[in-house]
Amino acid sequence: MKNLCLLTFLFCASFSIQAQQLNVGIRLQKTQQMYWENGISAQYSFANFKPDRLFVGFDFVTSRLGTAMNSNALKQDSYIFSGSWYFFKNKPYHLIGRLNTGYLNTDLEYDIFDELPSSSFLLAPELGFNYTPEKLPIALNLGLGYYLNMQDENKTPGTFQPLHYHLTLYYKLFNQEK
Amino acid sequence: MKAILKTVSICLSILLIVACNATPDITDEMLDGDVIFDPSLYSPEDYLVSAKYPAPTQEDLEKHVLIAAHGYSASTFEWDELMEWSADSSYRISSVLLDGHGRTYEDFRASKWEDWRAAIIREFELLEDLGYTKISLVGSSTSGALLVELMQSGYFNSHIKPKNIFLVDPIVAPTSKLQSVADLIGPMLVYLEVDQTAEEDKYWYHFRPHETISELNEVIQKVRKGLEKGITVPGGTYVKSFHSKGDPTASTTSTVLIYKGLEHTDGSKIDVQLMNSDIHVFTRLNLRPSISPLELSNQLDAFTQMAKRLN
């Protein structure tokens, strides 16, 4: 977890120089009929290419910070890279179209289950809504995504289910004035 | 934008109206209709020990009884092979028909998961009242979840403890990714039509109402949450879960979750066996398009293991 935070920090820092906007925050995610998986989120837009319209991002969500905390739920981690397009330029609110891709890994814990599927490639289109108060350095992001079937269904863990929704609260770490 | 939203809302309304009026094309050759019913409804004494021996002798009462319960949308057919295989055994089998099943489509549509469970409880209590003390249970697929739910609810705290509980391809997490969104899209689909043979149509519902899929989701979600908190097996009860590695219906993760969440009173884990199989409810081979020696061997293995604990 520490390594992941350090990586995220370096990831953000390396881009802050050329970013129009850099947001970091916490993400609360629920999968329909399955777990709460919470974690961190970062996204930025380039200063010289579609600033404040095109965002690229990285999210890490895990059931360790959700349903699996102090329970027998399976511990599963998702690493998600995304590209987002913000509609409605120069408004405090935006509709968002996003495409997520990444990797999910589930810890089945016991050797007897070594042969069972425990991971999945992720690809999910997502619709979202963003609200950015004009005088506050924060942004509120809501999203509804659906993981597409990329493998045989019985080759992925049963705790991996398609429909998920999230609430992400960003802090604007860097926002270059135009 | 307003025009787009208006068009989308009109299309959705039309889809909803059309879908809500949809009725399945049920024929007399299907279990869904009002001609074919599960045979246990006509002759319960051929399926239930409580019906066959309503006044058991002491010798009868000393026998071990296994209550076998089938899965969602299935019928007593699912355990016929175990009954035939066990014909000359010292134990007896009660093959229960879950309430709401084996009857008409409308009966199935109106049933709740608690109704499904009621048939298991009814036979268990009838046997208990008759004086049987050696009772075991086996549940396939959804009945696997129902048996875990019985343990979760503390039902056995006020009843005799089962000697054994066997789970065959129990479902706590579905393999099909669409099942988890059935509650949302179900009202638009109304029912799910299953691609199965005409012969299978006599033993499994061809049309599965969305209400029953929601019921299935409700019970597996309840069980999963119970397992997350931890469920204790009744004292003295042996539990084993058998699961096909390539189960196309009940994800193998179900057995992982059961293994993690079920514990004996001394903190030990239940037994688990993963089968080299790609079929759901590997113990039922009748009406499969083809049967490999491995599948026969899997079935025999499970039957033999259960029988050893019933003698």
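In the predicted model, helix α7(B) lies across strands β1, β2 and β3 (135-140) of chain B, and the direction of α7(B) stands at about 170° to that of β1(B). Helix α8(B) likewise packs on the sheet, where it touches β1, β3 and β4 (164-168) of chain B, and its direction makes about 135° with that of β3(B).

The sheet itself is open and is built from six strands of chain B in the order β2-β1-β3-β4-β8-β10, with parallel pairing. Because β2 (92-96) and β10 of chain B stand at the edges and have a single partner strand each, one side of each is left without a neighbour in the sheet. From one strand to the next, the twist averages 15°. Strand β1 (residues 65-69) of chain B is joined to β2(B) by five bridges, the two strands running parallel, and within this pair I67(B) stands opposite S94(B) of β2(B).

The two helices also meet each other: the axes of α7 (residues 113-130) and α8 (residues 142-152) of chain B come within 10 Å and cross at roughly 70°, which means that α7(B) is roughly perpendicular to α8(B). On the side of α7(B) the contact is made by W116(B), R117(B) and I120(B), and on the side of α8(B) by T142(B), L146(B) and E149(B). By class, the residues of this contact divide into three nonpolar, one polar and two charged.

When neighbours within four places in sequence are left aside, V96(B) is in contact with L48(B), I67(B), A69(B), A119(B), I120(B) and E123(B).

The contact between the chains takes 28 residues from chain B and 23 residues from chain A. On the side of chain B that touches chain A, the elements giving two or more residues are α10 (210-229), α11 (253-261) and β10 (271-275) of chain B, and the largest share, seven residues, comes from α11(B). The residues of this side divide into ten nonpolar, twelve polar and six charged.

Methods. Residues are numbered from 1 along each chain as its sequence is written. Chains are lettered from A and ligands numbered from 1 in the order in which they are written. This is a predicted model: local features need pLDDT of at least 70, side-chain atom pairs count only at pLDDT 80 or more; totals for chains, interfaces and linings use all residues. Two residues are in contact if their C-beta atoms, placed from the backbone, lie within 7 Å. Helices (H or I, at least four residues) and strands (E, at least two) are DSSP runs, numbered from the N terminus. Ala, Val, Leu, Ile, Met, Phe, Trp, Tyr, Cys and Pro count as nonpolar, Asp, Glu, Lys and Arg as charged, and the others, Gly among them, as polar. Axes are lines fitted to C-alpha atoms, for helices over the stretch in contact, and angles run from 0 to 180 degrees between N-to-C directions. Angles under 35 degrees count as roughly parallel, over 145 as roughly antiparallel, 65 to 115 as roughly perpendicular and the rest as oblique. Two strands pair if DSSP finds at least two bridges between them.
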